[in-house]
Amino acid sequence: MYPFLYDSATGIQYEEVVREHQLGTPLSSASTKHFTPASTAQQPVQFQDGSKEAEQFEASAKTKVLFLVTPRLAAFSREYYGCPSLPGAPADAFSEGSHWRQANVNHELMQPASAEDSQRKRISAFTLNFLEDSGWYVTDKSAAQELEWGRGAGCSFVLDGCSNWAASNAGKQSYYCAEGQAGKDVCTHDSRGIGVCSQIPGTSCYTARADTAKPLMYCQDASSFARSGRQGVAAAFAAVGGAVGSQSSRCLNTQQKLCTGTACAGEAGAAICADTSCDSSGKLLVELKVGGKATKVPCTDGELSQPQL
């Protein structure tokens, strides 16, 4: 695996390239396996769809994360996640480490093909550091495109598995959907758009994704609602005081259906786009119709706001 990666300063191949870790276990030598570069390229594992071997491989891959442990990449990963003990960058076990792991490195160009969801992909410092560590490339890190997914989330974000991490951070995180949101319109993790709460391939976690039937709708881009054929959704938002197309418009997940008079938007537990601002103390204000009048409703992260009529 990765037989041609070498230290360009010495010409020596790396002694270790990939490390395996079982999700939810302590990070120790007892819970990892080390792989060394082979003298010849290994062939990818191939199974017939639906075979017992394929099912066993899939079941095993869901329980572990692979790490690419080359020097620059490992240093960047530790800084990115805020985890000094991280072995390296999380890679996809289903493709035997040839792509980044979507649950931890999302919206990156080198995600698995199964992660394609029409969202714009970036060439980040994960990929550039790995290319440079290969010994075959010199990269311009200033050209790396920024990622936001999981930045500063800590060791457990990578090592515990997404379902365990989401459960321990319920109400405090926006990367994964909350329980009961599957199939509903939910906010993307950056609160700029709306996608369908769908399963991340190879995991038991769900996040806001898009597909050909339901492309992402962006709160700041009214045309995105037209492109997805869901102009009625934008109209429903407007009826309750929401807004699309405004630079201050952001997505908010609701715990109940929003209604004013006879007009309603979305469904319980779904998302809405609305204009936002901050008061003098920096508190978030969301503009909605309350009692038929435009009202700025104060919101506190993780708390349920219930405006009085």
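This is a predicted model: local features need pLDDT of at least 70, side-chain atom pairs count only at pLDDT 80 or more; totals for chains, interfaces and linings use all residues.
## Overall make-up

The protein chain contains seven helices and 14 strands. Of its 309 residues, 44% are buried. Among contacts in the protein chain with a separation of 6 or more, 50% are between residues 24 or more positions apart.

## Helices H2 and H3

Two packed helices are described by the angle between their axes and the distance between the axes. Helix H3 covers residues 125–133, and its axis comes within 7 Å of the axis of H2, with a crossing angle of roughly 160°. Angles over 145 degrees count as roughly antiparallel, so H2 is roughly antiparallel to H3. The crossing of H2 past H3 is right-handed.

On the H2 side, the contact is made by Pro71, Arg72, Leu73, Phe76, Ser77, Tyr80 and Tyr81. H3 contributes Ala125, Phe126, Asn129, Phe130, Glu132 and Asp133. By residue class, the contact of H2 with H3 has eight nonpolar, two polar and three charged residues.

## Ser77 in helix H2

Ser77 belongs to helix H2, which spans residues 71–81. Its relative accessible area is 0%. Buried means under 20%, and Ser77 is therefore buried.

Beyond its neighbours within four places in sequence, Ser77 is in contact with Leu86, Gly88, Ala89 and Phe126. Of these, Phe126 is also one of the H3 residues in the contact between the two helices.

Strands of a sheet pair through backbone hydrogen bonds, either parallel or antiparallel. In this model, four strands form an open sheet in the order E9-E12-E13-E14, and the pairing is antiparallel. Its edge strands are E9 (249–253) and E14 (293–299), each of which pairs on one side only. From one strand to the next, the twist averages 50°.

## Pairing within the sheet

Strand E12 (residues 271–278) pairs with E13 in the antiparallel sense over three bridges. Within this pair, Thr276 has Val286 of E13 as its bridge partner. E12 and E13 form a hairpin with five residues between them. Gly282 lies in the turn of this hairpin and has a positive phi of about 90°.

On to the next pair: strand E13 (residues 284–290) is joined to E14 by seven bridges, and the two run antiparallel. Glu287 stands opposite Lys296 in E14. Val290 has Lys293 of E14 as its bridge partner. Lys293 belongs to an edge strand, as E14 covers 293–299 and pairs on one side only.

## Val196 in strand E6

Val196 is part of strand E6, which comprises residues 193–199. With a relative accessible area of 13%, Val196 falls under the 20% limit for a buried residue. Val196 is therefore buried.

Along the chain, Val196 and Thr207 are eleven residues apart, and their C-alpha atoms are separated by 7.7 Å. Thr207 is also one of the residues in contact with Val196 once neighbours within four places in sequence are left aside.

Key:
Residues are numbered from 1 along each chain as its sequence is written. Side-chain values use heavy atoms; hydrogens and water are left out. Buried means under 20% relative accessible area, exposed over 50%, partly exposed in between (1.4 Å probe, protein chains only). Contact means heavy atoms within 4.5 Å. Two strands pair if DSSP finds at least two bridges between them. Axes are lines fitted to C-alpha atoms, for helices over the stretch in contact, and angles run from 0 to 180 degrees between N-to-C directions. Angles under 35 degrees count as roughly parallel, over 145 as roughly antiparallel, 65 to 115 as roughly perpendicular and the rest as oblique. A crossing is left-handed if the near helix is turned anticlockwise from the far one by less than a right angle, and right-handed if clockwise. Ala, Val, Leu, Ile, Met, Phe, Trp, Tyr, Cys and Pro count as nonpolar, Asp, Glu, Lys and Arg as charged, and the others, Gly among them, as polar.
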